[in-house]
Amino acid sequence: MDISSKSIQLLLTGFLFISSIYSLTLKTEDVIFEEGDTIIVNCTYDKDGQEEILDRGIRWQKQTDDYFKDIALFSPPNGRGPFIVKGMQSLYSNRTELIAPNISLSAVLIVKHPLCGDQGLYRCWIEYYPWVSFNMHVQTSGSDVKFKSKPKIPEEFHFFPKELEENQSIILLCGANVGSPLGNIEIWKIPQYNNTPVLIQELNVTTNKTENCTEFINVNFTYNVTRDDNGAVFRCSSQNNLTQGPGPYKESPKMFVIYGPDKPVITLTPFKSFYFVGDYLTIQCTTDSNPPPVFTWKFHPHNKSLETVIKTSSDVSKLVYDTLKTTDSGTYSCTATNAATLNSVNVTSSVFLYVNHSEIGYQGCNQCGYLTVCQQYDGKTVCVTNKWIPIAIVFILISVSFAASSIVLIKNKSASQNDGGYQAHTEIVNTHV
């Protein structure tokens, strides 16, 4: 009796092992549909003759919240026809077609005129009984259904206020249809001297879906302006998970940022430790400002109390001295202002210049001869050839050559006239004889 019981257990175990080899398999695929498409989810199963699927044992379900709800029930070939469950008829009856398994062993759910709510996770559920087993088995396979829609060019993109100053905050507004799925808006900045866009903000916000399942996003972004933003362009782009890189975009006008002026910097060219009478000098004032600054120069002579405003040329940032004099010694002050900023603070920088006059230089001029000129530069006396002397010599030589040529021509003419008179007198005498 014990032997027969053990034999039966071994036999059942063998049957169960054999039945596990021939388990039922399912195949489903994800679906991406566009506007105007039809959703088709297909559940194809494969089984051996040892598995049995009961009538209405095939279901298409859709996930709602955290669980799956039945949409439609199917039967294996030669079974009862498919139908939509009672709780889903109001949502699917008028736009759904069901195809029951036949030779192809496929349960097909077709949803026409899809809505945004039709997106989601669907599941094929099959209940079956393996041969020589009284336990029910279930196999499932899912299909992820997503709507695909290309993002559109932003409908609006602007910033305010328009008049901008350094360190001022502005608000960037952008609204765009970002399509589907999971669209977002990105804000970019393109610097004035660099064409490479720089991502400064990515905005994912609560979306408002419309009838065609697309998403429209309105965002505003606060940005602090710096002087480096002068001449820059901002860009708003629209994209989603199906977009390769940034999507369609709209750009703002170029930004005009008012700033400065900074404290001026005064430079001396050439720069030396000592300046002497006769030196060349350029005094220049520079500062960073937008719009360009207005410069005012003032001069306070050395050992004098009166300060004067210097009238300069068209380039008001420079003072140019071809030949320095001792009276040029004093303090030079440069003031920069920005006419576009009403509350601009005038900023001033100063430099002191002393022009040396060497008495030794005047005594050294005694060594210069008649053909040279005495010049002073960098505190030294130099005898330089007078440039007018070679010109005078050339002029004298030309004059002498012209006079000599004239004398020769006059003598030749006189000789020719004397020879002609003598010949005429001889002919008269010969005729008379």
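Q: Which residues touch the most other members of the largest nonpolar core?
A: As background, nonpolar side chains in soluble globular proteins tend to be buried together. In this predicted model, the largest nonpolar core holds 31 residues, and Trp 60, Leu 109 and Ile 126 touch the most other members.

Q: Which elements give two or more residues to this core?
A: They are strands S2 (31-33), S3 (39-46), S4 (51-64), S5 (67-74), S8 (106-111), S9 (120-130) and S10 (137-147).

Q: Are Phe 299 and Tyr 332 buried or exposed?
A: Phe 299 counts as buried at 11% relative accessibility. Tyr 332 also counts as buried, at 0%.

Q: What is the geometry of the pair formed by Tyr 321 and Tyr 332?
A: The ring centres of Tyr 321 and Tyr 332 are 6.3 Å apart and the planes stand at 70°; planes over 60 degrees apart count as edge-to-face, so this pair is edge-to-face. Tyr 321 sits in strand S26 (residues 318-321) and Tyr 332 in strand S27, so the pair links distant parts of the chain, 11 residues apart. Tyr 321 and Tyr 332 are both buried.

Q: Which residues form an aromatic cluster?
A: Phe 221, Tyr 223 and Phe 234 form one aromatic cluster.

Q: Where does the charged end of an arginine sit over a ring?
A: The charged end of Arg 59 sits over the ring of Trp 125, 4.3 Å from the ring centre. For Arg 235, the ring is that of Tyr 249, and the charged end is 3.8 Å from its centre.

Q: How many salt bridges does the structure hold, and how is one read?
A: The reading rests on a side-chain nitrogen of Lys or Arg being within 4 Å of a carboxyl oxygen of Asp or Glu. The structure holds 12 salt bridges. One of them joins Arg 80 to Asp 55, with the closest N and O atoms 2.6 Å apart. This pair links distant parts of the chain, 25 residues apart: Arg 80 is in the loop between S5 and strand S6 (83-84), and Asp 55 is in strand S4. Arg 80 is partly exposed at 49% relative accessible area, and Asp 55 is partly exposed at 35%.

Q: What are the distances in the salt bridges of Asp 144 with Lys 146 and of Lys 272 with Asp 279?
A: Between Asp 144 and Lys 146, the closest N and O atoms are 3.9 Å apart. Asp 144 is partly exposed, at 26%, and Lys 146 is partly exposed, at 39%. Between Lys 272 and Asp 279, the closest N and O atoms are 2.9 Å apart. Lys 272 and Asp 279 are both buried. Salt bridges that share partners also join Glu 166, Arg 227, Asp 262 and Asp 288 into one network.

Q: Which peptide bonds are cis?
A: The bond from Thr 269 to Pro 270 is cis, with omega near -5°. Pro 270 is in the loop between strand S21 (265-269) and strand S22 (275-276). The bond from Asn 290 to Pro 291 is also cis, with omega near 0°. Pro 291 is in the loop between strand S23 (281-286) and S24.

Q: Which residues other than glycine have a positive phi?
A: Asp 65, in the loop between S4 and S5, has a phi of about 60°. Asp 65 is exposed, with a relative accessible area of 65%. Asn 303 has a phi near 65° and lies in the loop between S24 and strand S25 (308-309). Asn 303 is exposed at 71%.

Conventions
Residues are numbered from 1 along each chain as its sequence is written. This is a predicted model: local features need pLDDT of at least 70, side-chain atom pairs count only at pLDDT 80 or more; totals for chains, interfaces and linings use all residues. Side-chain values use heavy atoms; hydrogens and water are left out. A nonpolar core is a set of buried Ala, Val, Leu, Ile, Met, Phe, Trp, Tyr and Cys residues joined through side-chain atoms within 4.5 Å. Buried means under 20% relative accessible area, exposed over 50%, partly exposed in between (1.4 Å probe, protein chains only). Helices (H or I, at least four residues) and strands (E, at least two) are DSSP runs, numbered from the N terminus. Rings of Phe, Tyr and Trp (its six-membered ring) pair if their centres lie within 6.5 Å; planes under 30 degrees apart count as stacked, over 60 as edge-to-face and the rest as tilted. A charge sits over a ring if NZ of Lys or CZ of Arg is within 6 Å of the ring centre and within 35 degrees of the ring normal.
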